[in-house]
Amino acid sequence: MRSAALVAERPYEGATAGGTAVLSLSLRDFRNYAELHLRLSGQPVVLTGPNGAGKTNILEALSFFSPGRGLRRARLSEVSRTTGQPALRCCWAAHAELASVIGPVSIGTGLAEAAGDEDNAERRIVRVNGEPAASANGLAEYLDVVWLTPQMDRLFVEGLSTRRRFMDRLVYGLDGGHARQVAAFERAMRERNRLLKIGGADSAWLAALESQMAEHGVAVAAARRDGLGRIEAGMALATGPFPQARLAAQGVIEAWLADMPALAAEEKYRTMLAERRGIDREAGAATEGPHRSDMAVWHAEKDQPAAQCSTGEQKALLIAITLANARLIRARRQMAPLMLLDEISAHLDARRRAALYEELLALGGQVWLTGTDDDLFAGLAGQAEFFMVADGVVTPRAAFS
Ligand SMILES: Nc1ncnc2c1ncn2[C@@H]1O[C@H](COP(=O)(O)OP(=O)(O)OP(=O)(O)O)[C@@H](O)[C@H]1O
Ligand SMILES: [Mg+2]
């Protein structure tokens, strides 16, 4: 299958001033796209088409303009287009011109070609304005990307690691240092795990790592408490039809922080780690810490845990949390985030759908919406760009004109 390139003639100047926006997107060998070129005005983007057309793939490509593994958490090589000829399965690339927090920026990313047989590790290349970047982590400086996908519908009932990741992604947008703190905690923890495993390690060396874990771990827990508190407060100010939620970061350090200052919590965690070396050596991992925390969510009005709410109520809670997060990001960065909402409209009744569109337009960032049914997006007529996606080909659609 060969994908056709599309270049819609639209000037870049049309970009919204108040929001992050992708003004051009190019893909090569990305999932079912051999090649794609889109130019965009900065308005909301609506992608419609049949199942398997390539709508979610475009949102996934956009999610790679932020740190991490994208909205499907795929391995980099999984994303490369399969052609039926395994030898040709290399290497996807995505490039975008963006209106970002620092102004216009050009970002390229993709899977690096393996350098020789001995290099089996997958490596993501990131270029900003043509210059190689040390890692994808720096992308957070330029833009915030938030997403909601059908896979997240099970967030409240699935294992807690998915919820913890979701919680930390929320906090990334609200606290510029959070991703660094999480990474530093994990680095120190991995090193301590390694030392415990090999045995006979110098106790001063272990103590130094435990001090780092305590310092970064308490910062992580504190940022979660603060971030979720702000999202909860932000939701309480919202007036639309989406539910209010109560949110809490639940973990050993998060609980201590309710009763003691950060320095005391650091000392307590340091002592705990030192005392648990034997247990942790047996377990092969640190058995207590912020890497085990969970995010608890309650439907405020019903006073019910989210896991006990109906599917529709859970979806509404997720939308409400995501919107509150986007409003806070806009307040912090003076720029709305890029929002990727996969198949959201189909789950909402007409009143909630209208409220969602109203809120997205008010936010002012570029939101990408997908669905199989064109009619769901009639409410955005004249205020969004519409594209039809079919078999890896994207064509503009003169919608509702
Ligand atoms: N690495 C890959 N190489 C080639 N094609 C792929 C690859 N990964 C996924 N695909 C294909 O991409 C197609 C489009 O997937 P995508 O999830 O984007 O569809 P969609 O339009 O969102 O459909 P739906 O409405 O069902 O959600 C699928 O048919 C899938 O098999
Ligand atoms: Mg899809």
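Predicted model: local features only at pLDDT ≥ 70, side-chain atom pairs only at ≥ 80, totals over all residues.
**Helices α9 and α10**
- Helix α9 covers residues 311–333 and helix α10 covers residues 350–363, and their axes come within 11 Å and cross at roughly 15 degrees.
- Because angles under 35 degrees count as roughly parallel, α9 is roughly parallel to α10.
- On the α9 side the residues that meet α10 are Ile-319, Leu-323, Ala-326, Arg-327 and Arg-330, while α10 brings Leu-356, Glu-359, Leu-360, Ala-362 and Leu-363 to the meeting.

**Helices α5 and α9**
- The axes of α5 and α9 come within 9 Å of each other and cross at roughly 105 degrees.
- Since angles of 65 to 115 degrees count as roughly perpendicular, α5 and α9 are therefore roughly perpendicular to each other.
- From α5, the contact draws on Arg-230, Ile-231, Gly-234 and Met-235, and from α9 it draws on Ala-320, Ile-321, Ala-324, Asn-325, Arg-327 and Leu-328.
- The residues of the contact of α5 with α9 divide into six nonpolar, two polar and two charged.

**Helices α5 and α7**
- Helix α5 runs over residues 203–237 and helix α7 over residues 262–275, with axes that come within 9 Å and cross at roughly 140 degrees.
- The two helices α5 and α7 are therefore oblique to each other, and their crossing is right-handed.
- In α5 the contact is made by Glu-210, Ser-211, Met-213, Ala-214, Glu-215 and Val-218, and in α7 by Ala-262, Ala-265, Glu-266, Tyr-269, Arg-270, Leu-273 and Ala-274.
- The residues of the contact of α5 with α7 fall into eight nonpolar, one polar and four charged.

**The surroundings of ligand 1**
- Ligand 1 is surrounded by 18 residues, of which the closest are Gly-52, Lys-55, Thr-56, Arg-72 and Thr-82.
- Backbone atoms take part here, for an oxygen atom of ligand 1 is 2.7 Å from a polar backbone atom of Gly-52, and an oxygen atom of ligand 1 is 2.9 Å from a polar backbone atom of Gly-54.
- A side chain takes part as well, with an N or O atom in the side chain of Lys-55 lying 2.8 Å from an oxygen atom of ligand 1.

Conventions
Residues numbered from 1 in each chain as written. Chains lettered and ligands numbered in written order. Heavy atoms only, no water. Axes fitted to C-alpha atoms, helices over the stretch in contact; angles between N-to-C directions. Helix = DSSP H or I, 4+ residues; strand = E, 2+ residues; numbered from the N terminus. Parallel < 35°, antiparallel > 145°, perpendicular 65-115°, else oblique. Left-handed = near helix turned anticlockwise from the far one by under 90°. Contact = heavy atoms within 4.5 Å. Nonpolar A, V, L, I, M, F, W, Y, C, P; charged D, E, K, R; others polar. Near = heavy atom within 4 Å. Polar contact = N/O pair within 3.5 Å; in protein donor to acceptor, adjacent residues only side chain to side chain.
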